[in-house]
Amino acid sequence: MMNMIKADFYRIFKGVNIYLAIGIIIILASVSVGLREVGHIGNASIDYQGDTVVEIGETNRMPHTVRTEEQKKNFVVEVLSANVNLYYPIIVIVFVVLMADFSNHTIKNTLSAAVSKNKYYLSKLALILLLSTALIFFNSIFLYLLNFIVNGKAYTGAAARVFAATVKQLPLLLGTASLMTMLGFFTKKAAAFNAVVIPFQFLFQLVLNALCVITESELLVKFLNRYELQAALSLLATSKDRGYIMTCTYIGLAEIIMSAVIGCRIFKKSEIK
């Protein structure tokens, strides 16, 4: 299995696609630091005002002109609260690690060389999780250093806060990467994979928002505002609630384990053409 991972690692960094994921992170971080504003994808926040379900938007983020000194120090963590943006670089990782094999039909040759489907699946998942972890920490480190260079000490707090925010978000982001891996093995085609995962986050939020409005369910609204990916990553960046942090950690680990088990079974029964 280690030989497969090493071979994939060499192949991926010899190509150019992995640098697209790195480039996306650099661009997003540079824009946020340059404008001193938080950019994010989608809008998952919904709440009640009286008896009406409403969208909140960006009530927890303030323009840099009205930030207090403490809020300025917390700017990098504030940007990390929008780490749902990493959803798209993670797609690139899954694509270059896994979907390229299906597109190039190299998977058939690999499996015919006495490599079991379970071993193949787990080696791909391990590399995807490893690269995703590296990418997530690269995002935090690059953002912190760039912000210090551009905006100075006034907008730069303790590095420990940034590290803590990253670690707290890690299980949910890796759970997302594992779910994408399962979908990759299910679709087995690059075009189908892209068609599903690229709009999924936005469409998932749209459906949940519609359900909240239609049902006017306060329970669903509270769940969405705490455990939907974008909302959870935003809360985890600054949360000190150990119970909430551990719940999100367990959810992320459950996503990794369950998607790996389901994905292995799907792949084992599928026919490779």
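Trainee: How many helices and strands are in the protein chain?
Mentor: Twelve helices and two strands. Keep in mind that this is a predicted model.

Trainee: What order do the elements run in, from the N terminus on?
Mentor: The order is α-α-β-β-α-α-α-α-α-α-α-α-α-α.

Trainee: And what share of the residues count as buried?
Mentor: The chain has 273 residues, and 45% of them count as buried.

Trainee: What about contacts between residues at least 6 apart in sequence? How many of those join residues at least 24 apart?
Mentor: 80% of them.

Trainee: Where does helix 9 bend?
Mentor: At Phe200, by about 55°.

Trainee: Which residues of helix 9 are buried?
Mentor: Ala190, Phe193, Val197 and Gln201 are among them. Further along come Gln205, Leu208, Asn209 and Cys212.

Trainee: What happens just after helix 9?
Mentor: Glu216 takes a positive phi there, about 50°.

Trainee: New topic: rings. How many aromatic pairs does the structure hold?
Mentor: It holds 14 aromatic pairs. Tyr87 and Tyr88 form an aromatic pair, with an edge-to-face arrangement. Their centres are 5.1 Å apart, and the planes make an angle of 80°.

Trainee: Why is that edge-to-face?
Mentor: Because the angle between the planes is 80°, and over 60 degrees counts as edge-to-face.

Trainee: Is Tyr87 buried or exposed?
Mentor: Tyr87 is at 4% relative accessibility, so it counts as buried. The cut-off for buried is under 20%.

Trainee: And what does Tyr88 count as?
Mentor: Partly exposed, because Tyr88 is at 24% relative accessibility.

Trainee: Which residues do ring pairs link into a cluster?
Mentor: Phe102, Tyr120, Tyr121, Phe185 and Phe267.

Trainee: What sits over the ring of Phe267?
Mentor: The charged end of Lys117 does. That end is 5.4 Å from the ring centre.

Trainee: Are Cys248 and Cys264 buried or exposed?
Mentor: Cys248 is buried, with a relative accessible area of 1%. Cys264 is buried too, with a relative accessible area of 12%. Cys212, in helix 9, is also among the buried residues.

Methods:
Residues are numbered from 1 along each chain as its sequence is written. This is a predicted model: local features need pLDDT of at least 70, side-chain atom pairs count only at pLDDT 80 or more; totals for chains, interfaces and linings use all residues. Side-chain values use heavy atoms; hydrogens and water are left out. The bend at a residue is the angle between axes fitted to the seven residues ending there and the seven starting there. Helices (H or I, at least four residues) and strands (E, at least two) are DSSP runs, numbered from the N terminus. Buried means under 20% relative accessible area, exposed over 50%, partly exposed in between (1.4 Å probe, protein chains only). Rings of Phe, Tyr and Trp (its six-membered ring) pair if their centres lie within 6.5 Å; planes under 30 degrees apart count as stacked, over 60 as edge-to-face and the rest as tilted. A charge sits over a ring if NZ of Lys or CZ of Arg is within 6 Å of the ring centre and within 35 degrees of the ring normal. Contact means heavy atoms within 4.5 Å.
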